[in-house]
Amino acid sequence: MSTTRLIRLSGLTRARTFAHGALAAGVGLLIAFVVFLVATLGAWITVDTHRALVTAIGTSDAAVLVLETRVGKDPAAQDEEAESVIVGTLGSSVHIERTAVEGDDGLVQYVVTPDTDKLTPASAARIASGIDKIEDRFRSSTAAVGGLTISGGLATTISAAGTGAVASAAISPIPLAIIAVLGWFAVMELSRAWGRARARETALLTARGLSRGQKVALTAGEVTLITVVASLIGFAGAVAVTWFRAGGEAFGALPSGLPLTIGTIVVLGLTAAVSVARAAESEAQVSARAARFTQVASVGALALIVFAAALAVWQLFATRNTPVDSAWRVTLSSLAPILTLIAAALIAVLLAAPLARVIAGIAARRPTLSPSLPARNVARRLPAYATAVALVVITVSGSVFAASYVSTWERASESAADLGAGADVRADLGFVTPADMQRAAGLGKAAAAYTADVVVGDTSAELIALSQDQLADVIIPIPDLVDPTALAKNFTTETTALPVPEGSTEVRFTVDAEGLEFPVVTATAQLWVADANGVATLVTLTFDEIEEKSRHPDPNRGFYGDQLSVTLTGTTLLPVNTTSILSVGMTATDGGRFDGTIVTVSQPRLATSTGGDMVPLAVEPAVPSLVLGGSANANTSQPYGVFWSARATSPVIPAVVSAAFAKDLSLSVGDPVELRVAGTGRRFSTEVADIVDAIPGADSARAVLVSLDAAVRAAVPVGAFADLPASPAAPNEIWLSGADPTETSTVLGADVTVPTDVAAIVTGGLITTWWIAPVGAALLAAIALIAMMASLTATRADEVLILRAVGVAPRAQARLRVVEAATVVPTSMVLGALAGWAMSALIVPVLVSAAVPGSHQPTLAINPLIVGIVAGAIAIAFIVAALVMSAMVRKHAISTRTAEAAE
């Protein structure tokens, strides 16, 4: 092609563009807006996810890994090897600090923390996958000298954050896909309007010899120029807005979404070029191509897309128990909602036809022109309205889906955090005393708690024991998951402990004893007592009153004194707020000689003082007498004995177990379960009282909840023992409701835990995107809807003359066109809302379960504000379209009058 012809073509291109400058500018601005939205949201996803990771990991005191070993002969080489192993296993997104161990110069620690400036979903997942391998790799390296000790909570924190990062990566394309689909619709429709506006011009140029190749070159040139300029404007706007929101992070975040942005630009440019060229070819072909979407929505195509969507949803359900970072599940999380959205639009297009005929049939019963004529026009011209139906359905269903995800995620993340914590505040004291409980009572409602790892065979679980009277006050209720009142009712038992009169301050213990003098007079009594919170305390009592009944010389002539028969009495103070006695026991000293020393004790009597007078307590000993002592040398020693304990009448305690624990052990209600506390000899004999989905406050899915009161009552056995008998479980935490965490930490001097879900925090970084995407989509849909209605009105200019000839005034015709649009748009909105609700009910709970791993059976919820904003945008677009259509009909009427006058 010669230079002269190129100059002429460029001049013609410029003239054609300026001839319809408003439409060309509209297409350009629309492309700029779509590019702006895609680039901005892509960058914001990166920024918000990074900030969420920093919040979840970078600021956590527990997010640290400490590798401790001995100092090597060459510390520099050891440090180099340690850094190589750590970076090679965890990646480069970590800080490594070498510190000496205070008090032992022979030890060295490598403290590993995440680098908050480099945290990304990929780096978090890398650290999470490497944390399980670091011990073996470090041990096998030359950096480990004389063994290795690992501590720190980074493994737990990073595992949850890595799960959240993977879930974020899986669901982040969904809002961008909604924007892209609606942007494509909007650009296509506005480009069609632009092409139709130049149809006569194109026909004239064709008649004057413009070839098809030249027409393609003209259209491609002007659309490419508009697309490039518009894309630069849109991307510049994205840079400015992202920089304003994220500062220096913007320049690192924008490149992450660049491939998607470039792909969007290419698709929009091609769509605009093809739509303009085809719409400008011939007015006669417009009506045939207007039915394109309906043709696409044929039964065969619909069956194929619906099958693909159903298959994706089915696979999403089938893989919901697989790891969230598996490639197939990540793909399904993105693919299922997008395919379902397209299938919903196609189904709505097919349903629109019978609905239009039904509406037309109802309207035909009225003899007036409106609404019978508009309804018949819609039924006859449904192919022309098919794109509008699909556009509105996708917009509304997408907004309902986004609103469902946002609201369901908010509830699920809150529920997961509440479920993981169990209470508003948990104070970890290690050992809880009655005085601690008194201080806690001034902070809010408080309950003592005992937590431990337990084992049943090869199955491990987490045990939580809470005071049954305070459980309902402190556990956070979660709708459809945790009912504190029902939990308390399921494991509450009647007390079998010995009640102590209110206000008792002293206890007196009297017992008859026979044996050698020294072991008898040095014997002591042990009473386990408890307060109203279930906190048990050991009261040790020495005998300061000895009433001698008889004395006989020791026949073995030992040095332990004579053989005595005495009555021993001792008095001591009770802990504050003691409400019951759990057990009554004694200890006698062993003899050093081979035949041992024996002390026989019997007839224990108890009394308490409430203000000076001793009030006897009715004690029925489980064993009438105890034979204590023996010989340690001859392995016959049994110096410990228990006359009576609450366990004697209630050795088995009811337990509420999680569904996962019950499934692993094939348990059902009423089955016995023997729990052994890991690392100790303590055991609990329990019976399954109920099976629930989850136990509040448990980190593990396998968990058991019991009454602390019942657990301490069932701890101490009855009889004589060679070793100390089992003691009641000592609470190690205090759970509080309505307490301030900072004040709690200060008053109790303990670390506190509040409801937090690390994975939910990470996936929460996308919530802003899920809010903005439907609003941006609504704006795109509004533009496309106005363009479509204006375009359809333009193609029906000839009808104005016909209707005016039969007496229908232009103003009445304008009203008829508005009624037609009012038939299509609200119907499409209803169909879109129903489709959005259906796909949300199917998919959102599964997606939220992946995004919030700690959630259990998320309940679907919808944020009405998002749906309201989108519906309002479509309503405003409809009003604007109605005004535009009315103005166009009046303009057509004026042009027909002018034509008639000219004739």
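Predicted model: local features only at pLDDT ≥ 70, side-chain atom pairs only at ≥ 80, totals over all residues.

Biologist: What makes strand β9 mostly covered?

Modeller: Buried means under 20% relative accessible area. In β9, residues 506–516, eight of the eleven residues are buried. For the protein, buried residues make up 50% of the 903 residues.

Biologist: How do you know that β9 and β13 pair?

Modeller: Pairing takes at least two bridges between the strands. β9 and β13 (residues 563–573) have eleven, in the antiparallel sense, so they count as paired. One of the bridges puts E506 with L573 in β13.

Biologist: And β2 with β3, how many bridges there?

Modeller: Eight, again against a cut-off of at least two, so β2 and β3 (residues 104–114) count as paired too. Their sense is antiparallel, and R98 stands opposite Y110 in β3.

Biologist: Why are β2 and β4 called edges of their sheet?

Modeller: The open sheet runs β2-β3-β1-β4, with antiparallel pairing. β2 (94–101) and β4 (149–151) each have a single partner strand, so one side of each is left without a neighbour in the sheet. From one strand to the next, the twist averages 20°.

Biologist: Which helix lies across that sheet's strands β1, β2 and β3?

Modeller: Helix α3, residues 75–90. Its direction is at about 145° to β2.

Conventions. Residues numbered from 1 in each chain as written. Heavy atoms only, no water. Buried < 20%, exposed > 50% of the residue type's maximum accessible area, 1.4 Å probe, protein only. Helix = DSSP H or I, 4+ residues; strand = E, 2+ residues; numbered from the N terminus. Axes fitted to C-alpha atoms, helices over the stretch in contact; angles between N-to-C directions. Contact = heavy atoms within 4.5 Å.
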